[in-house]
Amino acid sequence: MKPDRESAMYKKVLIANRGEIAVRVARACREPDVRSVAVHSTPDRDSAVVRLADEAIRIGPAAPAKSYLNAAAVLEAAAQSGADAIHPGYGFRSESPDFADACLARGITLIGPTPSVMARLGDKTSARALMRRVGLPLLPGSVEALDPRAAEELARRIGFPGSSRRPRLPPCRRGWPSAWAARPSRARSPSAIPAWAPSNSCSPRTAATTSWR
């Protein structure tokens with residue numbers, strides 16, 4: 001039996017995303033008879049989710065930083081529409097503890113993990129340490145942050161990451177110092193060096209962009 005609106009967990013959900021995930025959330029709101037609000041940038045005003053949702057609010061121009069990533073604009077749209085919950089989809093603000101805290105401060109439910117869970121699992125080092133404490137399986141690698149020398153020693157023991165197309169080639173070792181320095185900022189927490197098959201490419205650029213993702 002289709003639940004009525006009085007029994008629904010939320011009365012109105014603001015969808016803080018775009019594309020297929022936004023459409024999926026809007027469709028999911030229909031079954032329990034929850035009203036949906038689509039936020040959109042100027043170029044997305046005719047998108048599928050805008051047509052599907054019960055309401056739509058423009059939150060900024062094309063640049064995501066000025067629209068979908070603009071927390072103040074999203075929260076203002078929630079207040080304007082009377083939404084009691086925000087579904088962030090994935091990407092954008094879905095993994096932001098600060099945004100989750102801001103929602104709580106305004107009495108709005110963010111559908112997803114709590115701010116504390118986001119903060120603990122958003123950092124690879126703390127996430128792996130937590131997983132080890134509760135007995136979950138981990139890929140080979142370190143739990144604590146390592147300096148370049150310790151990381152290289154560990155990588156030599158468990159195998160350098162790389163392509164699986166030619167797994168019998170020797171590990172990539174040339175250019176380790178420069179590769180370490182050039183690794184992406186999001187991977188500066190060197191907590192996981194999984195034992196993937198070694199790569200035939202030993203350029204610092206390749207090592208920096210594939211070894212610590």
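**Notebook: the chain and its parallel sheet**

I looked up the surface first: the accessible surface of the chain comes to about 12200 Å², and 53% of it belongs to carbon and sulfur atoms. Those areas come from the Shrake-Rupley method with a 1.4 Å probe, and for residues only the protein chains shown count as cover.

I note that this is a predicted model, in which local features need pLDDT of at least 70, side-chain atom pairs count only at pLDDT 80 or more, and totals for chains, interfaces and linings use all residues. Residues are numbered from 1 along each chain as its sequence is written, and side-chain values use heavy atoms, with hydrogens and water left out.

Next I checked burial. Of the 213 residues of the chain, 40% count as buried (under 20% relative accessible area; exposed is over 50%, partly exposed in between; 1.4 Å probe, protein chains only).

Then I listed the elements. I found 9 helices and 5 strands (DSSP runs numbered from the N terminus: helices are H or I, at least four residues; strands are E, at least two). From the N terminus on, they run β-α-β-α-β-α-β-α-β-α-α-α-α-α.

Two strands pair if DSSP finds at least two bridges between them.

I then followed strand β2 (residues 35-41). Is β2 mostly covered or mostly open? It is mostly covered, with 6 of its 7 residues buried. Strand β1 (residues 12-15) pairs with β2 in the parallel sense over 4 bridges. There, Val13 has Ser36 in β2 as its bridge partner. On to strand β3 (residues 55-60): 5 bridges join it to β2, and the two run parallel. His40 stands opposite Arg58 in β3. Ser41 has Gly60 in β3 as its bridge partner.

I looked at the helices too. β1, helix α1 (residues 19-30) and β2 make a right-handed β-α-β unit. Right-handed means that, with the strands pointing away from the viewer, the path from the first strand over the helix to the second runs clockwise.

Last, I checked contacts (heavy atoms within 4.5 Å). Residues 24 or more positions apart account for 58% of the contacts in the chain with a separation of 6 or more.
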